[in-house]
Every structure is written in C-alpha cells, then in structure tokens.
Amino acid sequence: MTVVEKPSAVEIRGASKIFPTADEPVRALDDVYLTIGQNEFFTLLGPSGCGKTTLLRLIAGFDYPTSGQILLYGEDIATLPPYRRPVNTVFQNYALFPHMTVAQNIAFGLEMLRRPRAEINARVDEMLKLVRMEALRHRRISEISGGQQQRVALARALAPAPKVLLLDEPLSALDYKLRKDMQIELKRLQHETGITFIFVTHDQEEALTMSDRIAVMSAGRVLQVGSPRDIYDRPADRFVADFIGESNFLGGEVIATDGTHATIRLRAGPVIAAQLPDGYRPAGEVTVAVRPEHAAIAPLNDGAMMHGLIDQIVYFGTDTHYRLRLVSGESFIVRRQNRPDAPSQWAEGEKVGLVFAAGTAQVLKD
C-alpha cells in the first residue's frame, strides 16, 4: 500500500526549553524535532514530566522556546503571542463559564473576535449539531454532566475554525466508560472537521485508540514517532517497549545480522530470529522484547522453545496472565484470551514449555 504524506501543519525544529530554578536550570525540552501533518490526529505521549505539555504550550504561545523554531504552515510563530496564532486549546479543566449557557459558552470566543451576530448564531448552531447537544443549548454549565462539559469545551474551541486544535489531557477527569466514549467522539470530530489535532496524554490506550501517529517522549526528548501499530509492534528501545503496553524482556547475544533481523542466542537457551529497529546494527549482548499475547504455554514435550515454572496466574476477565520463571531466572508473562469453550489447563507451580511465533521478537536499542 502506498502511503501518501500529508502537508505539514506544524514543524518543531530544534526546540529547547530551559526553566531557571533556585538550584540549577531545568531542561524541559531538549532539541526536539517533529513534523505534524495537516488534518492529522497527532499525540504526544509520555509520563509526567517528559515535556509533552511544555511542547504544547510552546505551540499555543503560552511559553516561548529557549532556542529553536515553531512553524505553523511554514511561518515561524515562536515569538507570536497566543491571540495572533490560528490555534485553540482545550484544557484539562475545560475553563468554561458556569454562569453562561451552553450556547453562550460556545459563542464567547466568536464575540471576542467581533464576528457579526448572524455569523455567530449560525456557527453556534453548527457546533451544537457537531457535538450533538442541540437539545441542551439553554442549559447552564452547572446543569450538565462532565462528558457534556467536555463536548462544550470542544465546540467552543472549534467554533473559530482554528488551523490547529491543542488538547491537554482533556479526558483525564472522566470516568472509564465515559472516557472510552469520548475517545471515539474526539476521533469523529477530528475526521469531520479536518482540523489538525495535537493531543497530550500519559494514557497509552488513549493514544493507540485515537491517533494517526504518536510521538513517545521521555526526559524532554522524542524517542520514537510512528503509527500506533508501528509503536506497539516495533518499539525502538526499552523505554518505549515498557511504556506502551506490556513487554517481556529477554537477554541474549547476537550471532549474526542481515540488515532487518538478527540471530540471537537467548540466555534461556534457544536461538531465535528477532527484528531489528531501522538502521540498527547490534553486536554482543542485547535485549529482546516479546509481547505477552504473542507467546503461548505448551506442554514440556511438545517442541517448546524454553521451559519454565508457572509462578502466578491472574484472571482479568477478558484474559488471563500467566507469570513464568524461566530456567534462566528471567520472568515471562503469557497473556491468554479467555473463552468459555477453552478453559485453562495450567496450574500454579506447574512446569511448562513456552513458544512464540517467528517475527514477534524485537531487538531493542541500547
């Protein structure tokens, strides 16, 4: 399949941000380069303190970079104030006006821009329809639910038709089911409006569910950029493999490489083929990652690659996790989907074999 690259909406070129403190300066961003496509749902993903919100604030204009450029459709906006940028932000706390109605909140930004009243009314009607809240237009903010407030905040931010919409963890205050519903709603809104969304979250599931591409960040740096499938199936290093989903890490030694794969002798005994990150040519000792759902428990005499002991079995409803202790002393988790026609045949303390399919092991960068 041919991948068609979208024109760039936002470019980050060598952006760094240093905050002075009483002790020593804090480098919140460290020489970040990113290109975000037009009409793309792009997610900045990482743990607290990784720099994702700082980068969002630089794009919004709430902070300025210590060095580097922020380009919007080719124009350097790094020193422009927020009101001169065709960018809107949806904050974590929504920042709605409780004394106003839903319609008045949506209209507020357009009134500040001194748009004609007829245009404001038409745009408010359009936004209410977009977020499916026509029947609640006269309700006050205090009279609607948290999920409805989130949709009002989105409608207000979308009303002036910004070129880029920034979303700073807007789902974090919602309960689990509502958060899942709003993930689908956000993706629908992005698709229908065609606006570039830049979404900040620490929640890997949100990122995988909604994003066209994800940038995984740590300690002010971008570690990997790619589609959700690329990030999940081919993590570049241990941090990404550990942060996105769940991974098993096995030690081994490189025997040979052919450019895309390496032949590895694992500490647990077997020789396997493992995928290599693009452009990576390892030698000596390496770490190999295998996802728990890519492995299976097998009888000891059934061609198993490795042997181990089941230390623990944990039932999660949709699936069951088996924690094995391999002969090498390494821990390994196998995830098995629960089906009523296939009850578990394994027990804690049982010696078992372990297998995983060719192509599912991934060598990680140092």
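Guide: Let us begin with Asp 203 in this predicted model, where, leaving aside neighbours within four places in sequence, Asp 203 is in contact with Leu 45 and Arg 179. Asp 203 itself is found in the loop between β8 and α6 (204-210).

Visitor: What makes Leu 45 and Arg 179 count as being in contact with Asp 203?

Guide: The word contact requires heavy atoms within 4.5 Å, and Leu 45 and Arg 179 are the residues in contact with Asp 203 once its neighbours within four places are set aside.

Visitor: Why is Asp 203 called partly exposed?

Guide: Its relative accessibility is 21%, and buried would require a value under 20%, whereas exposed would require a value over 50%. Asp 203 therefore falls in between, and counts as partly exposed.

Visitor: What makes the approach of the Asp 203 side chain to Glu 206 a polar contact?

Guide: The side chain of Asp 203 reaches the backbone nitrogen of Glu 206 at 3.2 Å, and a polar contact asks for a pair of N or O atoms within 3.5 Å, one able to donate a hydrogen and the other to accept it. The value of 3.2 Å is therefore within the cut-off.

Visitor: How do you know that Ser 211 is buried?

Guide: Ser 211, whose place is in the loop between α6 and β9, has a relative accessible area of 9%. Since buried means under 20%, Ser 211 is therefore buried.

Visitor: Which residues does Ser 211 touch, and what polar contacts does its side chain make?

Guide: Not counting residues up to four places away in sequence, Ser 211 touches Phe 41, Thr 43 and Pro 228. A polar contact of 2.5 Å joins the side chains of Ser 211 and Thr 43, and the side chain of Ser 211 also reaches the backbone oxygen of Ala 207 at 2.6 Å.

Visitor: What makes the phi of Ala 161 and of Ala 219 worth a remark?

Guide: Most residues other than glycine have a negative phi. Ala 161, in the loop between α4 and β7, has a positive phi of about 55° although it is not a glycine, and Ala 219, in the loop between β9 and β10, has a positive phi of about 50°.

Visitor: Why is Ala 219 called exposed, while Ala 161 is called partly exposed?

Guide: The relative accessible area of Ala 219 is 60%, and exposed means over 50%, so Ala 219 is exposed. Ala 161 has a relative accessibility of 47%, which lies between the limits of 20% and 50%, and therefore Ala 161 counts as partly exposed.

Visitor: How do you know that helix α4 is mostly covered?

Guide: Of the 13 residues of α4, 10 are buried, among them Gly 147, Val 152 and Leu 158. These buried residues pack against β6, α2 (102-112), α3 (117-130), β7, α5 (176-193) and β8, and the helix, which comprises residues 146-158, lies across β6, β7 and β8, running at about 170° to β6.

Visitor: What makes the length of α4 close to the expected one?

Guide: From its first C-alpha to its last, α4 reaches 18 Å, and the span expected at 1.5 Å a residue is 18 Å.

Visitor: Why are β6 and β10 said to stand at the edges of their sheet?

Guide: The open sheet has 6 strands in the order β6-β7-β8-β3-β9-β10, with mixed pairing. Here β6 (87-90) and β10 (221-226) each have a single partner strand, so one side of each is left without a neighbour in the sheet. From one strand to the next the twist averages 20°.

Visitor: How do you know that β9 and β10 pair?

Guide: Two strands pair if there are at least two bridges between them, and β9 (residues 213-218) and β10 have 5 bridges, in the antiparallel sense. Within this pairing, Ser 218 stands opposite Arg 221 in β10.

Technical notes. Residues numbered from 1 in each chain as written. Predicted model: local features only at pLDDT ≥ 70, side-chain atom pairs only at ≥ 80, totals over all residues. Heavy atoms only, no water. Helix = DSSP H or I, 4+ residues; strand = E, 2+ residues; numbered from the N terminus. Axes fitted to C-alpha atoms, helices over the stretch in contact; angles between N-to-C directions. Buried < 20%, exposed > 50% of the residue type's maximum accessible area, 1.4 Å probe, protein only. Expected span 1.5 Å × (residues − 1).
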